[in-house]
Amino acid sequence: MTALRLENVNKSFGKVHVLKDINIEVEEGEFVVFVGPSGCGKSTLLRVIAGLEDASSGDIWIDGEHVNQTPPSKRGIAMVFQSYALYPHLNVRGNMSLALKQEKQSKEIIDQRVAEASRMLNLEEYLDRYPSELSGGQRQRVAIGRAIVRHPKLFLFDEPLSNLDAALRMNTRLEIAKLHADLGASMIYVTHDQTEAMTLADKIVVLRDGRVEQVGSPMELYNNPANQFVAGFLGSPAMNFLPAALMQESDSRTMGVRPEDLTLDPKGPLSVQVRHVEKLGGDTNVVGSIGDTQMTLRLFGQHDITPGETVTLSVTQDRVLFFNDTGERLRS
Ligand code: ADP
Ligand code: MG
């Protein structure tokens, strides 16, 4: 069964066309990440799926049922937002059980589901605390717990880690991955962070300016991007783009080379003027330029390279991609 299917979904606010002919399928149990720059329409798409906004045209199916006319509360979805929006006057138990009370579930079911969710999220010790007595990470876990207790067909997460600091983001990311493995539920997760997309997704949907640019597994998109936008968006440090003429005479194409596919080679064809060196301990990132073209090189381990010097590089040829002047991928 397909957990979610969108067919030719469009959304306009007045004259502003925000979502453009969106076609997406989410299989049951799949973890799908919508990723794209700020303002590309990710939240709007999630809100249309949830029923918080009506689609201007197109069709939406959840679990095989056409839901365009179905109110949010009847769609079998649960949404977790960036802002946790917990009720300050309710303790953790109260926040987690509220939706079930509103659904008029029995006390046994409510107790059982709150116990199950708080065990999964390591919140058992905190059930009697109020939101003001919790850390940011704990509050976000309560927000996730409120979604879990409802046993939704589909979880929708909208940038749930954006308000957490870097260390906590990483921990919570691992917890969400574990949660998905434990629940086996279908999940859609929105982020502008390509690392979250790469590490969490079974399938990534790359959005740009309200359109789907490409859909695929993280490694498919990394190794085989459909265009220059996807190639440049996924990967950190980002892919280098340079005029192919730098290496091959009278070539009008753009070459895409990932920082890890460049190696120090005294006989190599590229001479890069070093501007900046990031020594990370395990890796060394070297940022430099060839004329006007910025180049980033990622080296394994520690290297004594200093700004101002020139390094000579060769390129792992079978990893090079080519793009035309409108950014479309050229297949060799
Ligand atoms: P993202 O979540 O990817 O950052 P959004 O979905 O929030 O992007 O917004 C996409 C675009 O739609 C933006 O240009 C935003 O200004 C516009 N938009 C979102 N909601 C509304 C609204 N209620 N009215 C008008 N424009 C909106
Ligand atoms: Mg958003």
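Reader: Which residues touch the most other members of the largest nonpolar core?
Author: In this predicted model, that core holds 45 residues, and those touching the most other members are Val33, Met96, Ile144, Tyr189, Ile204 and Val206. Helix 4, which spans residues 136-148, gives the most to this core, with 5 residues.

Reader: What does Val33 touch, leaving aside residues up to four places away in sequence?
Author: Val33 touches Tyr189 and Thr191, and also Ala197, Leu200, Ala201, Lys203, Ile204 and Val205.

Reader: How are helix 2 and helix 3 arranged?
Author: Helix 2 (residues 92-102) and helix 3 (residues 107-120) pack at an angle of about 135°, with 10 Å between their axes, and they are therefore oblique to each other. Helix 2 makes its contact through Arg93, Met96, Ser97, Leu100 and Lys101, while helix 3 uses Ile110, Arg113, Val114, Ala117 and Ser118. Here too the crossing, of helix 2 past helix 3, is right-handed.

Reader: What about helix 1, is it mostly covered or uncovered?
Author: Helix 1, residues 42-50, is mostly covered, since 7 of its 9 residues are buried; these are Lys42, Thr44, Leu45, Leu46, Val48, Ile49 and Ala50. Just after helix 1 comes Gly51, which takes a positive phi of about 90°.

Reader: Changing topic to the open sheet of 5 strands, what is its order?
Author: The strands are ordered 13-17-14-15-16, and their pairing is antiparallel. Strand 13 (262-264) and strand 16 stand at the edges with a single partner strand each, so one side of each is left without a neighbour in the sheet. From one strand to the next, the twist averages 45°.

Reader: How many bridges pair strand 15 with strand 16?
Author: Strand 15 (residues 283-290) pairs with strand 16 (residues 293-300) in the antiparallel sense over 8 bridges, and Gly288 has Met295 of strand 16 as its bridge partner. Their hairpin has 2 residues between the strands, and Gly291 in this hairpin takes a positive phi near 60°.

Reader: And strand 14 with strand 15, over how many bridges?
Author: Strand 14 (residues 270-279) and strand 15 pair over 6 bridges, again in the antiparallel sense, and in strand 15 the bridge partner of Gln273 is Ser289.

Reader: Last one: which residues form the covered face of strand 11?
Author: In strand 11 (residues 240-243), Asn240 and Leu242 form the covered face, whereas Phe241 and Pro243 form the uncovered one. In a regular strand the side chains alternate between the two faces of the sheet. Strand 11 runs antiparallel to strand 12 (residues 254-257), joined by 4 bridges, and Met255 in strand 12 is the bridge partner of Leu242.

Notes:
Residues are numbered from 1 along each chain as its sequence is written. Chains are lettered from A and ligands numbered from 1 in the order in which they are written. This is a predicted model: local features need pLDDT of at least 70, side-chain atom pairs count only at pLDDT 80 or more; totals for chains, interfaces and linings use all residues. Side-chain values use heavy atoms; hydrogens and water are left out. A nonpolar core is a set of buried Ala, Val, Leu, Ile, Met, Phe, Trp, Tyr and Cys residues joined through side-chain atoms within 4.5 Å. Buried means under 20% relative accessible area, exposed over 50%, partly exposed in between (1.4 Å probe, protein chains only). Contact means heavy atoms within 4.5 Å. Two strands pair if DSSP finds at least two bridges between them. Axes are lines fitted to C-alpha atoms, for helices over the stretch in contact, and angles run from 0 to 180 degrees between N-to-C directions. Angles under 35 degrees count as roughly parallel, over 145 as roughly antiparallel, 65 to 115 as roughly perpendicular and the rest as oblique. A crossing is left-handed if the near helix is turned anticlockwise from the far one by less than a right angle, and right-handed if clockwise.
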